[in-house]
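Hi,

Here is the structure I promised to pass on. Have a look at it first, then read my notes below.

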Amino acid sequence: MTTRQIFYNDEQFSIRAGWRIALFIIIVAIVSFSILSLVKIVFAHFPYFKMQSVGMFFVYISLTLATWITLRFVDKRPFVSVGITWKAHIAKELSQGLVLGFGMMSVIYVAEYSLGWVVIEYRNIATGEWMTIFANSAFLYVVVGYGEELLFRGYILQTLAEGTNKIIAVVSFSVIFGYAHAGNPNVTFFALVNVVLAGIWLSVAYFKTGDLWLSIGLHISWNFTQGFIYSFPVSGTTSIHEQIGTAKQFGPAWITGGAFGPEGGTLATAVIILGTALIYFSSAIKKSEKVWTLEQWKAERTLLVSSQQQTTELS
């Protein structure tokens, strides 16, 4: 292998996947530092800036910009290739994700409620405060759903799959997804196993459709239903800014998840596995039409290089 071949893939006419991932991480670091530093100066005296959801919003704005820069100038392909397409299927896939995420979490709640293992104690709050909490919760989970899917099912996962295969990429990033939650309150080993399974569930949603809208819808709905509607802890966290009550659980923690919330229990394990199977085998969930593909990119790169070679020969 020559020095050129270490860095460059002649078959794809591009920098090798590993080096593109490294460049992406550097670009993310530079863009995030620049934007967050500027935002901190401009909005330092705004109380809402201190909210978790607002901070995350700017983090994921930085990630979006870094993804665009990498795709445009390193990969030389459009931003939609990462799975954020603006086609007619957006409403369908988002709706499928929102409904399925709600249904999966509702199965967990109904099972616990039927066994007398959970009671929701709602806070005595005025309508105005209820609306504020609803807005905070919706904003937070939309930001997290979009941002975490772009981060964990976006450029790096897809590029790793190009350089290796889908199984290696999905398993690797699902483990990383689990590790990212290792510092959450009340976390247990079994909770991390479930988060890894959730990473596989969301990755299957991406690869089944070819874009991120289904997994974004699943992520948003799973968290919103869990935290706002049923007042469960979400990955071990609770907040009066996003929840209108408290779910009091009485069943075995290894089944209900205990203080970590449903994601820490075997009920969630079963539901996530069944949800993954449903997405994988369902004929109602299919590859999006006119979605960007790796094969399309390879063909475009081959055509571009061929055109450049012809131009060079003519000159």
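Let's start with helix α9 (residues 213-229): 16 of its 17 residues are buried, so the helix is largely enclosed by the rest of the structure. Buried means under 20% relative accessible area, exposed is over 50%, and partly exposed is in between (1.4 Å probe, protein chains only). Helices are DSSP runs of H or I with at least four residues, numbered from the N terminus. After α9 comes S231, with a positive phi near 60°.

Before you go on: this is a predicted model, where local features need pLDDT of at least 70 and side-chain atom pairs count only at pLDDT 80 or more, while totals for chains, interfaces and linings use all residues. Residues are numbered from 1 along each chain as its sequence is written, and side-chain values use heavy atoms, leaving out hydrogens and water.

What does I84 touch? Leaving aside residues up to four places away in sequence, its contacts (heavy atoms within 4.5 Å) are F79, Y146, L212, W213 and I216.

S203 sits in α8 and is buried, at 2% relative accessible area. With the sequence neighbours up to four places away left out, S203 touches R153, L157, V170 and S174.

Cheers

Key. Helices (H or I, at least four residues) and strands (E, at least two) are DSSP runs, numbered from the N terminus.
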